[in-house]
Amino acid sequence: MNEIFEGRVAIIGLGYIGLPTAVALATRGVEVVGVDVNEATVKAVGNGEVPFIEPDLAVGVSGAVAMGSLTATTVTPEADAFIIAVPTPFLDNHEADMSYVRAAVEQIAPRLRGGEIIVLESTSPPGSTENVSRWLEELRPDLNPAHASEGLPDLHVAHCPERVLPGKIMIEMITNDRVVGGITQECARKAASIYRVFCLGEILLTDAASAEMSKLVENAYRDVNIAFANELSLISEDLNLDVWEVIKLANHHPRVNVLTPGPGVGGHCIAVDPWFIVGASPELTPLIRAARAINDSKPHHVADQLIVKTARFREPTVACLGLAYKPNIDDLRESPAVAIVDEIAAALPDLDIRVAEPFIHVLPAALSGHDNVQLQPATSAIADADIVLLLVDHDHFKSLSRSRLEGKVVYDTRGVWR
Ligand code: SAJ
C-alpha cells in the first residue's frame, strides 16, 4: 500500500523551492509551517504575499494562508516531517557550502520526539544525506537515526532533490517524477508519502547517494550540452557561419538535438551543481570541467565582441536588452547578462549604456556603481542606441517591431532576430 502523509510539515527555507513546496502541500490540506531566517520573507508569506516572481505562486500562497493551512515563522516548530530547502552554494574552491543545511539540522534536532521524517531537498554532493543523519545522531544521541545498525529507526532521513524549472515551478512541482533516496528503504518509503500528497509523476525510490548523484547528473548533462552549443557558436563565428542555421539543420537528424547557444549559463543550479561532481571525483571529470570553462568564458567573449563593435563609432550609445539569467523571469542570480554589462561598463567608462529589463525597477548592486549605465524602457533604449545587444530572449523583446532596429548595429546573443 502506498502511504500518503498526514500530519504537520515544517519547511526550512522559503525560497524558490521551499515556498512552492509549501503551497503544493498546504493547498491539499496538509498543515505547513514555513520557516525562514529572513524576517521580511516570513512577514510577507504570513501576509499571503510572495517575495519574488514565479507564475501562479502568488495565488497559491494567498490561498493557502487564507485557508489557514500555511503559516510562517523564524523559529523551527515541532512537526511530523521536516523538509530542508536551503541554499547549497559553492565556496571559492568550488566545494559545496553545507553550512545552511547544517544550521537547519541544528534547528530541527531539539524539536525531534522520535518518528519524524527529515528530507533534504537542497542539491547536495554525494554523502550529504548520510552526513545529515550523522549530525542528527550527534545532536540527539537519545534518538536512533536510520543508519544505526540495530533496531527500528526512530528518525527517517532521506533525500528528495528538487527538479523544477524556474518559470514553470508550479506546473513541474506537480507533474515531474520525483526521486526519493533513503538512508534505508523504510526512510525512502516514509519520505515518499509526503510527495504522494501532490505529485502526479512517478515516485522513484532509491538510496540516498544515488538520489544525490542523479540530481547532479541532470544539471551536468544540461551544462555539457549547452557548452557544446556555445562552442559551436564560437566556431561558427570564426568560420563566418550562422550558428542557429547550422544547429537547425543538424537537429533535423532523428538522433541529434543540439541545445541553444547564448551569452553564458546563469542561475544558481546548472553553473553550480557540476562542480559537486568534480569535487567528488576530481581526477575523473575532464569533460565536466571543460564544459564549465566554456560556459563560464562566454560572457567575457560577448563583452569583448561588443567592445570591438563600439570602435566603429565616435561616441556610441549601446542598448543592452535583458539582465535576467533566462527569459521571462526576474531572477538575476549568476546572470551572464549582468556580468557582460558590468564588464563593458568597466572597460569603457565613457560608453553610454542603456539597460532595459522589464522585470526590475532598479539596477542591481553590481551595476548601480557605474555612472555610465542607466535603466530605461526597451523602446527608448533602442531608439537612443547605435548598437543593440540582446542578452535575454524575454517575450517583451521578441514582441518589439523589427523596424525599431533599422540602421542599428545588432548583436543578438540569443538568435531571436536572425
Ligand atoms: N541555457 C542556454 N541554452 C540552452 C538552455 C539554457 O544557454 O539551450 C542557459 C539559460 O539561458 C540559463 C541557463 O542555461 O542561463 C540555465 O537555464 P535552464 O532553463 O536550462 O535551467 P535552470 O537553471 O533554470 O533550471 C535547471 C533545471 N535543470 C534541468 O533542466 C536539467 C531545473 O529542472 C532544475 O530544477 C534547476 O536547474 C535546479 O534547481 O537545479
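I began with helix 8, which passes helix 10 in a left-handed crossing. Left-handed here means the near helix is turned anticlockwise from the far one by less than a right angle; clockwise would be right-handed. The model is predicted: local features need pLDDT of at least 70, side-chain atom pairs count only at pLDDT 80 or more, and totals for chains, interfaces and linings use all residues. Residues are numbered from 1 along each chain as its sequence is written, and side-chain values use heavy atoms, leaving out hydrogens and water.

**Helix 8 and helix 10**

I looked up the geometry. The axes of helix 8 (residues 208-238) and helix 10 (residues 273-280) come within 8 Å and cross at roughly 115°. Axes are lines fitted to C-alpha atoms, for helices over the stretch in contact, with angles from 0 to 180 degrees between N-to-C directions. Helices are DSSP runs of H or I with at least four residues, strands are E runs of at least two, and both are numbered from the N terminus.

Next I listed the contact (heavy atoms within 4.5 Å). Helix 8 gives Met213, Lys215, Leu216, Val217, Asn219, Ala220 and Asp223, and helix 10 gives Asp273, Pro274, Phe276 and Ile277.

I then checked burial, where buried means under 20% relative accessible area, exposed over 50% and partly exposed in between (1.4 Å probe, protein chains only). Six of the eight residues of helix 10 are buried. They are Asp273, Pro274, Trp275, Phe276, Ile277 and Val278. These buried residues pack against helix 8 and helix 11 (286-310).

**Helix 1 and helix 3**

I moved to helix 1 (residues 18-26) and helix 3 (residues 57-67), whose axes come within 9 Å and cross at roughly 50°. That makes helix 1 oblique to helix 3. By the cut-offs, under 35 degrees is roughly parallel, over 145 roughly antiparallel, 65 to 115 roughly perpendicular, and the rest oblique. This crossing is left-handed. Leu19, Pro20, Val23 and Ala26 of helix 1 meet Leu57, Gly60, Val61, Ala64 and Met67 of helix 3.

**Cores**

I looked for nonpolar cores, meaning sets of buried Ala, Val, Leu, Ile, Met, Phe, Trp, Tyr and Cys residues joined through side-chain atoms within 4.5 Å. The largest has 43 residues; Leu25, Leu70, Val180, Ile194, Tyr195 and Phe198 touch the most other members. Helix 1 supplies the largest share of this core, six residues. I followed Leu70: not counting residues up to four places away in sequence, Leu70 touches Ala22, Ala26, Val32, Gly34, Val45, Val61, Ala64 and Val65. A second, separate core of 34 residues includes Ala10, Ala96, Cys187 and Ala220.
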